[in-house]
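Q: Hi, could you walk me through this model? I'd like to know what each term is based on as we go.

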Amino acid sequence: MLSKRFPVGAEDVEGTKEIGFLGFMPISISKGLEPVVWSTLDGAIVSKVDTLLEKIKSQYSNLEGLPPDRIVPTVGLNIGRVEASNTKLVFWDLGGQPGLRSIWEKYYEEAHAVIYVVDAASPSRFEDSKSALEKVLRHEDLQGAPLLILANKQDLADAVSAEEVARYLDLKKLDERAYTFLAVSSYDGLGIKESVNWLVDVMERSKRTEMLQLRAGANLISN
Ligand SMILES: Nc1nc2c(ncn2[C@@H]2O[C@H](COP(=O)(O)OP(=O)(O)OP(=O)(O)O)[C@@H](O)[C@H]2O)c(=O)[nH]1
Ligand SMILES: [Mg+2]
């Protein structure tokens, strides 16, 4: 279904179910600098998606993930493929810097679920996280998509809990989609398996997954 628009597609692996695609919607701000300015590599860049994706990949394969000091801010798109609970997952990691957020919506239509990563150790950025996420959720192409919000960086002493992130984000009108807030650390792996399990479970039961699979089948037939 994706192959026309994206270089990534769903390949079949024997014994696995194709469950689909997840949008990683990171928030990352370059403190007033132009987003594509690479000098923001000094740690001013905020949230932690590549690091998280590498951790997920290493937990679900025998391969070592990239070490955090080799990870640079995402300017285009990173793709991670993982097999968990006999289910094949494809993660799209999109850059979170403000100037890059406009490309997120190109991926909404075909996303089965959304993971939104918040830097739980940076409360000063919660307001921006909240407004960017509200915009994501208002988009009609993401209707009914399950939402996993991760309070990342739990290895840091000043990180707030998932409950506190939930309170700060104070999301309204989420009742039509499955969602949850979970605490994770992309450094030590806390909460990662629980997060992936939640996603797989919810996606398997989601009407949106059903709708996307039907549409993919119809596209195959018409081609
Ligand atoms: N302490 C701690 N630092 C983290 C964690 N996850 C990521 N970082 C650090 O946060 C910085 C940014 O991480 P990235 O993974 O590049 O974040 P990103 O959201 O992909 O950033 P963009 O690609 O710019 O959207 C890096 O310095 C990481 O090492 C974590 O769980 N704990
Ligand atoms: Mg990134």
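Predicted model: local features only at pLDDT ≥ 70, side-chain atom pairs only at ≥ 80, totals over all residues.

Q: Thanks! How many helices and strands does the chain have?
A: The chain has five helices and six strands. Both are DSSP runs, numbered from the N terminus: helices are H or I with at least four residues, strands are E with at least two.

Q: And which pattern does the chain follow along the sequence?
A: Along the sequence the pattern reads β-α-β-β-β-α-β-α-β-α-α.

Q: How much of the chain is made up of buried residues?
A: Of the 223 residues in the chain, 39% are buried. A residue is buried if 20 or more other C-beta atoms lie within 10 Å of its own, exposed if 12 or fewer, and partly exposed in between, with C-beta atoms placed from the backbone.

Q: What share of the contacts is between residues 24 or more positions apart?
A: Those pairs account for 73% of the contacts in the chain with a separation of 6 or more. Two residues are in contact if their C-beta atoms, placed from the backbone, lie within 7 Å.

Q: Let's do helix 3. Which of its residues are buried?
A: In helix 3 (residues 162-169), the buried residues are A162, V165 and L169. Seen down the helix axis, they fall within an arc of 55 degrees, so they line one face of helix 3. The arc is that of the directions from the helix axis to the C-beta atoms.

Q: Why would residues three or four places apart point the same way?
A: An α-helix has 3.6 residues a turn, so residues at that spacing point the same way.

Q: What do the buried residues of helix 3 pack against?
A: They pack against strand 4 (113-119), helix 2 (126-138), strand 5 (147-152) and strand 6 (179-183).

Q: And which residues are exposed on the other side of helix 3?
A: Those are E163 and R167. E163 counts as exposed because it has 11 other C-beta atoms within 10 Å. Just after helix 3, D170 takes a positive phi of about 45 degrees.

Q: How about helix 2, what are its length and span?
A: Helix 2 has 13 residues and reaches 18 Å from its first C-alpha to its last, close to the 18 Å expected at 1.5 Å a residue. The expected span is 1.5 Å times one less than the number of residues.

Q: Which residues of helix 2 are buried, and which are exposed?
A: The buried residues of helix 2 are F126, S129, A132 and L137. They cover an arc of only 135 degrees around the axis, which puts them on the same side of helix 2. On the other side, E127, S131, K135 and R138 are exposed. Strand 4 and helix 3 are among what covers the buried residues of helix 2.

Q: Switching to the core: how many residues are in the largest nonpolar one?
A: The largest nonpolar core has 41 residues, and those with the most contacts inside it are V114, V118, I149, L150, A151 and V165. Strand 4 gives the largest share of this core, six residues. A nonpolar core is a set of buried Ala, Val, Leu, Ile, Met, Phe, Trp, Tyr and Cys residues joined through C-beta atoms within 7 Å.

Q: What is A151 in contact with?
A: Leaving aside neighbours within four places in sequence, the contacts of A151 include V118, A162, V165 and F181.

Q: Is T74 buried or exposed?
A: T74 is buried, because 20 other C-beta atoms lie within 10 Å. T74 sits in the loop between helix 1 (49-59) and strand 2 (77-84).

Q: And where are K153 and Q154?
A: K153 lies in the loop between strand 5 and helix 3, and Q154 is found in the loop between strand 5 and helix 3 too. K153 counts as buried with 25 C-beta neighbours inside 10 Å, and Q154 is buried with 22 other C-beta atoms within 10 Å.

How values were computed. Residues numbered from 1 in each chain as written. Chains lettered and ligands numbered in written order.
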